[in-house]
2 protein chains.
Amino acid sequence: MALTDLSADELRDFAATQRAAYDDLVGKGLKLDLTRGKPSAAQLDLSEELLSLPHGHLAADGTDVRNYGGLTGLAELRGIFAELLGVGTDQIVAGGNASLTMMSDTLLYHLFHGGVDSENPWGVEESVKFICPVPGYDRHFSLLEHYGIEMLTVPMTPDGPDVAAVQALVADDPSIKGMWIVPTYANPSGAVCTLEVASALAAMDTAAPDFKIFWDNAYAFHHLTDEEAKSADILSLAEVSGHPHRPIVFASTSKITFAGAGVAFLAGSTETIAWYTGHLAKSSIGPDKVNHLRHAQFFGDADGVRTHMRAHRAIIAPKFEEVQRVLRESLGEHEVATWNTPAGGYFVSLDVLDGTASRVVELAKAAGVALTPAGASFPYGDDPRDRNIRLAPTMPPLDEVTQAMQAVATCVLVAAAEKLGA
Amino acid sequence: MALTDLSADELRDFAATQRAAYDDLVGKGLKLDLTRGKPSAAQLDLSEELLSLPHGHLAADGTDVRNYGGLTGLAELRGIFAELLGVGTDQIVAGGNASLTMMSDTLLYHLFHGGVDSENPWGVEESVKFICPVPGYDRHFSLLEHYGIEMLTVPMTPDGPDVAAVQALVADDPSIKGMWIVPTYANPSGAVCTLEVASALAAMDTAAPDFKIFWDNAYAFHHLTDEEAKSADILSLAEVSGHPHRPIVFASTSKITFAGAGVAFLAGSTETIAWYTGHLAKSSIGPDKVNHLRHAQFFGDADGVRTHMRAHRAIIAPKFEEVQRVLRESLGEHEVATWNTPAGGYFVSLDVLDGTASRVVELAKAAGVALTPAGASFPYGDDPRDRNIRLAPTMPPLDEVTQAMQAVATCVLVAAAEKLGA
């Protein structure tokens, strides 16, 4: 029965029962963590062969990968990920171990020098603004905040960012220079940006002639079901719309091979690639090509990556199913929370009663369950409705996911009962 | 006999002989390269074991190096290089594959946010200037140029930068925010910064309260003789002088293990380290700790690095000796060039007759010998006397070093004879 349908007495009884359950929880001395989207040891083990690769030190074209050079990255690895991302091999750069670094560099190059189609460096403008679909990825927001870029939010829908809201913002304000998107299995909503949404974003009129879409396709291949989402081909869509330099695509193997020792990629128009490497050349003589060769040998080809991702799915899909089961069985009837059922990615986005997310996180912490801070999925950490909680179930073993989620459910109910006046 | 002492007839005969030798050279169709300071394949082979390391994936403290995290780098590798660089383990960060990237990041953080002891971000100042000892490292200069920082030159002496010249500049101009130094076996002069010079630079009064010494100790362990230079302990010198945050130290294993797949280091006061990682955290979740563990296992300890560097010396010292032999035997008596005899590092700095360096490089190119562009060792590529040429003999096999240097000597003599009017 919905909590809001209970009588005052019933609600008081319900609250007492949940409070007792919560006190039991605290007594157990749990130490569980659902905070960050990290792969588990079992997932990392899938790539253990990397530790004894590469065989030899020569690339297919004879390059000695041990030495300096090759700013765009090793050709055979770029080839594999060009195929996977649906871009040309001249449209992709393989870099270091972090796409976040490539995003940061790209942002700084725009601020200092301007983009491929900028009249001026962004940094000379009075203000620079970015559109942030919410809920979204906290590190995207903290990067912008660190460099003084103002953030404007639009709602994230199940089909991607709310296009009408985006269009209304960008049409007249030339200081809005870009937007973030996690197009496939978004962090944390799990939304997949449809072809229609992607097409509209690629084609829309923007007051800024050098508007950029930072297309962070971090989970492009991270399917949890047989319905494997195909990412929209944003580079082609932008090109046919007459805005070839608008999207800059980011991806990495951080959640494919080793989270700390993978390879990151940047893709864009050939002009964007030349622009990026032109600036990068001032701070790098080339990426770690040994790690590129290591990855190329490990995967073999694009299908090698696809096969590898199915092994990940086998490990993590049961954890996501368990999150769903506990949420459904513990919270379903009470109608105090909604959540998504992601078909891929690393997160479940849980919306609790307005004004209770912080309390849920606080209660969970006191019971030994670490949750991402409430508000983390919003710019400046500010969730205006204080309702969103990001759950990351990949890292803990399955039995800990169960325990942690049961604890979360209890905390949600305790906080909801409090909120409703019990 | 010195060329300047020849009679007009003698000089004409000499020029004809050299010109004939040069024409012979051109006829040989050489394809030789003395441009960049890259390790040779034989040097890279010394570290081939790295390709099948690490054994396991756990650090000494139990960290799973495959996963995210650990922004300051793996403790055991930091320990080895803290000992080698003479700094505390809390004063050093291990990063990615390029110290150049750490230098660039450090510079950008200063421009955008200001340093640990800055009142304002450098970028809000009307102008920012750096002192560049010349000849110096071209990538230092192009980085500054790319970010609009004005460069002021001071002479590099055999003991390091000309302290009096530096002091005269920094005393009154608060827009001079920093300086470059390659303290040990400088690129390209081979100079070693003495304790006295380092001490003076650490202690000097600067108009800018947040003056920085970018102490690029790229060749700290790259000895060519038994007289192994000890780098001045710049962090301690600065601390006792009351300027603990002035030096920022950079180093890497690029010319110790793999040029493209080594590990870079940044060292400074603990406050500097906190400042650096605070900014870095916005663009990175952590460095490639697998590569850190790989290197830690490969070296074992600091002595492992020292032993390894002796194996490098055995390979490259004969090439440096050959450069000296050819220069001495071909140019010595003619008194048209001077050069250094480095006790370490990667370069020989050759000064030819004023106004002839560009011509020498042009002649060499036409004869199939690639040399670093004349002027490369000066800001904006502008050698005011057009006399300096940087020679990098590590990469080619010994017999090619011989051929290339004989060709260079012939070009120097042809250009000198031309200059003297023959």
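Guide: Happy to. Please keep in mind that this is a predicted model. Let us start with the face of H12(B) turned away from its buried side, where the exposed residues Lys365(B) and Ala366(B) are found. The helix itself takes in residues 357-366 of chain B, and its buried residues are Ala357(B), Val360(B), Val361(B), Leu363(B) and Ala364(B). These five span an arc of only 165° around the axis, which means that they lie on the same side of H12(B). As a general point, nonpolar side chains tend to be buried together in soluble globular proteins.

What lies over that buried side? After H12(B) comes Gly368(B), with a positive phi near 85°.

Gln91(B) sits between helix H3 (75-85) and strand S2 (92-94). Its relative accessibility is 17%, and because the cut-off for buried is under 20%, Gln91(B) counts as buried. Setting aside neighbours within four places in sequence, Gln91(B) is in contact with Leu235(B) and Ile273(B), and also with Leu266(B), Ala267(B), Gly268(B), Ser269(B) and Thr270(B).

Now for the nonpolar core. The largest one holds 62 residues, and Leu107(A) and Leu107(B) have the most contacts inside it. With neighbours within four places in sequence again left out, Leu107(B) is in contact with Trp122(B), Phe130(B), Leu143(B), Leu144(B), Ile149(B) and Phe214(B).

For the wider picture, let us turn to chain A. Chain A has 13 helices and 13 strands. Its radius of gyration is 23 Å, close to the 22 Å from the globule rule for 422 residues, so chain A is as compact as a globular protein of that length. Along the principal axes, the C-alpha atoms of chain A fill a box of roughly 75 × 55 × 35 Å. Among the 422 residues of chain A, 60% count as buried. Of the contacts in chain A with a separation of 6 or more, 76% come from residues 24 or more positions apart. Finally, chain A has an accessible surface of about 15100 Å², and carbon and sulfur atoms make up 51% of that surface.

Key:
Residues are numbered from 1 along each chain as its sequence is written. Chains are lettered from A and ligands numbered from 1 in the order in which they are written. This is a predicted model: local features need pLDDT of at least 70, side-chain atom pairs count only at pLDDT 80 or more; totals for chains, interfaces and linings use all residues. Side-chain values use heavy atoms; hydrogens and water are left out. A nonpolar core is a set of buried Ala, Val, Leu, Ile, Met, Phe, Trp, Tyr and Cys residues joined through side-chain atoms within 4.5 Å. Buried means under 20% relative accessible area, exposed over 50%, partly exposed in between (1.4 Å probe, protein chains only). Contact means heavy atoms within 4.5 Å. Helices (H or I, at least four residues) and strands (E, at least two) are DSSP runs, numbered from the N terminus. The arc is that of the directions from the helix axis to the C-beta atoms. The radius of gyration is taken over C-alpha atoms; the globule rule is 2.2 Å times the number of residues to the power 0.38. Accessible areas come from the Shrake-Rupley method with a 1.4 Å probe; for residues, only the protein chains shown count as cover.
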